[in-house]
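Please examine the structure shown below, together with its sequence.

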Amino acid sequence: MGKDRKKSARDKRAVPFGREFRQYLVSYLLDRAGDALDTLIVSWLVYRLSGSAALSALAVGVNYLPSIFLQPLAGAWVERRSKKAVLIGMNLGRCSLALLTLFLYTAGALPAQLLVALTFCVSVLEAFRWPATGSLLPALLAREEYDRGVACQQAGGRIAELAGAGLSGIVIARAGIGAALLLDGLAFLGSAALLAPMRLDGRESVREADGEGKRTPGPGEGKRTPGFGELLAEGLRFLRSSDSLLLLVFLCALLNAALTPLNALQAALVQEVYHEGSETLSLLSGTLSAGMLAGAALSPALGKKISVDRALLGCGILNGGFYVAMAALRGLAGSAALYPAVGTASALFGLSVGFLNASLAVRLMRLVPAELMARMTGLLNAASIAAMPLTSFAVAAGAKKLSVTALFTLTGVLLMLVMTVLYAFGCLRRLRE
């Protein structure tokens, strides 16, 4: 009997993660592939139906609104419900919207304005899905599996996004937009089907956070179910009471802000500064994605060798250095050396961003108690996503007075300065375990 127990323990250790996490991971990968399919389909279809680049941009902007304004409220709503049931419901909703879009498009009854409205509905569902995802993950992983689990989720998610984006272009070209919409709906239906048999056995709200994240139950807790307003207020109080969590929110917002100038100005950089075409833009995008994938995959190993405060400082300097380097590369315009230089700089930037994404996600799981995770995920995502349109407005205003290279240089210097100040004053040490 003792030998059987030891053999069973060895077999369990030999299997990477638990079965429930593996089911969840495959479901998550289908979600990410479906998201990538959906993004390309919507942008392509809105422009085809309207012929308006402004309406295409509006469709992208509409996606931000529920994430910024609804997600904090959605987190409190999700907290009182089965996270598995929420995710299944959201995936079935996404499937239904994709099939409704297919039906309307096939029937010739899909004006561009209605498609934008359907896109808004998708974003509303996403606002509920992300808090449920963030809250469910700690229930599926042991504490010692957080680093590897998040790395698998983020690296796998990046691969799924790339696969979905690539597949959508092929399907639209070969079989038409209808086939792409059908494939999009099936991806979310498959995701829901994978989650349905997953057994959690009450584990969705059992884990405690480490260190500063621990909390003591308030008076009367356990005697009645708190209302929606109370849950939201409790989440805000917890956020305000944790310096480490506030710092984490700031760093996540800073990371999104750091990506925005590149997203907004990369076409202008390639065409106006480097005098190159779409091939250089593809090189920039491809090496950035490859770097992000590598950064997420390497984050558990790097996290064991480098303290979190030094890692964050290094990533901040690397991110800022990327912008300064990209501005300086104008001296290589027209030279064959431009391509490897752009590819190397972009890959290193992606490596840093991928590592930061995974590391900050793990810190959140360690800082926040399981019963608050949905609310904290909603609040953090809303604050992080809000940084993107705000930074876009600042970049747009700056672009009226400054050149692209000046904006890149200014962005790089500011990123390095902010992270150096946070490190020098000991703020980043608060995230150490």
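In which helix is Thr133 found? Thr133 belongs to helix α6. The model described here is a predicted one.

## Overall make-up

The protein chain contains 15 helices and zero strands. Of its 433 residues, 49% are buried.

Contacts can also be sorted by how far apart the partners lie in the sequence. Among contacts between residues at least 6 apart in sequence, 88% join residues at least 24 apart.

## Helices α5 and α6

Helix α5 covers residues 83-106, and helix α6 covers residues 112-140. The two pack at an angle of about 160°, and their axes are 9 Å apart. Because an angle over 145 degrees counts as roughly antiparallel, α5 is described as roughly antiparallel to α6. Their crossing is left-handed. In the contact of α5 with α6 there are 15 nonpolar, five polar and four charged residues.

Thr133, in helix α6, has a relative accessibility of 7% and therefore counts as buried, since the limit for a buried residue is under 20%. When neighbours within four places in sequence are left aside, Thr133 is in contact with Tyr24, Tyr28, Leu87 and Gln153.

## Helices α2 and α7

Helix α2 (residues 19-50) packs against helix α7 (residues 146-175) at an angle of about 35°, with the axes 7 Å apart. The crossing of these two helices is right-handed. On the α2 side, the residues making the contact include Phe21, Tyr24, Leu25 and Tyr28. On the α7 side, they include Gly149, Cys152, Gln153 and Gly156. By class, the residues of the contact of α2 with α7 divide into 15 nonpolar, six polar and two charged.

Gly149 and Phe21 are 128 residues apart along the chain, yet their C-alpha atoms are separated by 8.5 Å. Apart from neighbours within four places in sequence, the residues in contact with Gly149 are Phe17, Phe21 and Leu141.

## Helices α7 and α13

Helix α7 also packs with helix α13, which covers residues 338-367. The angle between them is about 135°, and their axes are 9 Å apart. These two helices are therefore oblique to each other. In passing α13, α7 makes a right-handed crossing.

Which residues of α7 meet α13? They are Tyr146, Asp147, Val150 and Gln154. Their counterparts in α13 are Gly354, Asn357, Ala358, Ala361, Val362, Met365 and Arg366. The contact of α7 with α13 consists of six nonpolar, three polar and two charged residues.

How many disulfides does a search of the whole structure find? The search finds zero.

Two cysteines may be considered individually. Cys315 has a relative accessible area of 7% and is therefore buried. Cys427, with a relative accessible area of 19%, is also buried, because the cut-off for this class is under 20%.

Terms used
Residues are numbered from 1 along each chain as its sequence is written. This is a predicted model: local features need pLDDT of at least 70, side-chain atom pairs count only at pLDDT 80 or more; totals for chains, interfaces and linings use all residues. Side-chain values use heavy atoms; hydrogens and water are left out. A disulfide is a pair of cysteine sulfur atoms within 2.5 Å. Buried means under 20% relative accessible area, exposed over 50%, partly exposed in between (1.4 Å probe, protein chains only). Axes are lines fitted to C-alpha atoms, for helices over the stretch in contact, and angles run from 0 to 180 degrees between N-to-C directions. Helices (H or I, at least four residues) and strands (E, at least two) are DSSP runs, numbered from the N terminus. Angles under 35 degrees count as roughly parallel, over 145 as roughly antiparallel, 65 to 115 as roughly perpendicular and the rest as oblique. A crossing is left-handed if the near helix is turned anticlockwise from the far one by less than a right angle, and right-handed if clockwise. Ala, Val, Leu, Ile, Met, Phe, Trp, Tyr, Cys and Pro count as nonpolar, Asp, Glu, Lys and Arg as charged, and the others, Gly among them, as polar. Contact means heavy atoms within 4.5 Å.
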